[in-house]
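Here is a short briefing on a protein model. Look over the sequence and the fold, then read the points below.

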Amino acid sequence: MEKKTPDSQVIVVTSGKGGVGKTTTVANLATGLAKLGYSVVVMDLDIGLKKLDLILGLENRVIYDIIQVVEGECTLKQALVKDKRFPALYMLPAAQTRNKDDITTTQVEAICEELKPDFDFIFVDCPAGIEQGFRNAIAAANKAIVVTNPEVSAVRDADRIIGMLESADFKDIKLLINRLRPEMVRSGDMLSIEDLMEHLCIELLGVVPEDRSVVISTNRGEPIILNDNSSAAQAFNNIVQRLLGNNVELMTLEEDSFWRKLKRNLGFKN
């Protein structure tokens, strides 16, 4: 396996609140990058409540987990699960019968250092909450993606997480808005993108619309990004391109003055 980039990016995907789509985001961005030939590993740090293996369709291939790695029961190489669809995509599973206190920040850092020579991207799936699991997840990361839904409670938790990331000296923090429903924004029943950006004050990485196909793909263990007919897949593909430094404009979910204004404010061309 050969890297395409000299320096590895270690990206923690977090939110504070559970259920906003962190794990789905990790699975789809990692798959999207692997489709393009980048070497990618996803690390599930949601100890005790793992589900990344299910979304990736790898649950039947798991033999060892991250706790067994740090306790010396197996090597890191033995614990990595390879995706049959994409030879450059691997997963390091969480343990389902242990808890977040069974691994330390130092151990997470050591694992990431061991992974860096072989992988362009290392994604860390952060558990919900702000306790030890969060501290473990951000320990080795140099970039953060904060996922939120356009709901008051999710935005409040995202704001708290952004503050904690800034206190931990993160310089690269980006926002991903998930499950946006334009018709609800238009009727005033859902926060708008503009509302979220004004409140959270970090760079917008992308917006993923509500898409019922995501539920179907999750149940099948197939990341939605593999579905060419899905609006969510298109959004995730665009986000992958932005992660690679390419200037891809936001999807036009609605052709109205708000979206044109938003694109202009972000510097995207119409």
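Which residue stands opposite D44 in strand 5? It is D125. This is a predicted model: local features need pLDDT of at least 70, side-chain atom pairs count only at pLDDT 80 or more, and totals for chains, interfaces and linings use all residues. Residues are numbered from 1 along each chain as its sequence is written, and side-chain values use heavy atoms, with hydrogens and water left out.

**The sheet**

- Strands are DSSP runs of E with at least two residues, and helices are runs of H or I with at least four, numbered from the N terminus.
- Eight strands form an open sheet in the order 3-4-2-5-1-6-7-8, with mixed pairing.
- Strand 3 (81-82) and strand 8 (203-209) stand at the edges with a single partner strand each, so one side of each is left without a neighbour in the sheet.
- Strand 2 (residues 40-44) pairs with strand 5 (residues 121-125) in the parallel sense over five bridges; pairing takes at least two DSSP bridges between two strands.

**Helices on the sheet**

- Helix 5 (residues 105-115) packs on the sheet and touches strand 1 (9-14), strand 2, strand 4 (89-92) and strand 5. Contact means heavy atoms within 4.5 Å.
- The direction of helix 5 makes about 165 degrees with that of strand 2. Axes are lines fitted to C-alpha atoms, for helices over the stretch in contact, and angles run from 0 to 180 degrees between N-to-C directions.
- Helix 11 (residues 231-243) also packs on the sheet, and its direction makes about 160 degrees with that of strand 8.

**Helix 1**

- In helix 1 (residues 22-35), 13 of the 14 residues are buried, so the helix is largely enclosed by the rest of the structure. Buried means under 20% relative accessible area, exposed over 50%, and partly exposed in between (1.4 Å probe, protein chains only).
- G37 follows helix 1 and has a positive phi, near 95 degrees.

**Salt bridges**

- The structure holds 11 salt bridges, each a side-chain nitrogen of Lys or Arg within 4 Å of a carboxyl oxygen of Asp or Glu.
- K100 and D46 meet in one of them (3.8 Å, N to O). K100 lies in the loop between strand 4 and helix 5, and D46 in the loop between strand 2 and helix 2 (52-56), so the pair ties together parts that are 54 residues apart in sequence.
- K100 is partly exposed at 24%, whereas D46 is buried at 14%.
- R181 and E183 form another salt bridge (3.0 Å, N to O).
- Salt bridges that share partners join K143, D172, K174 and E203 into one network.
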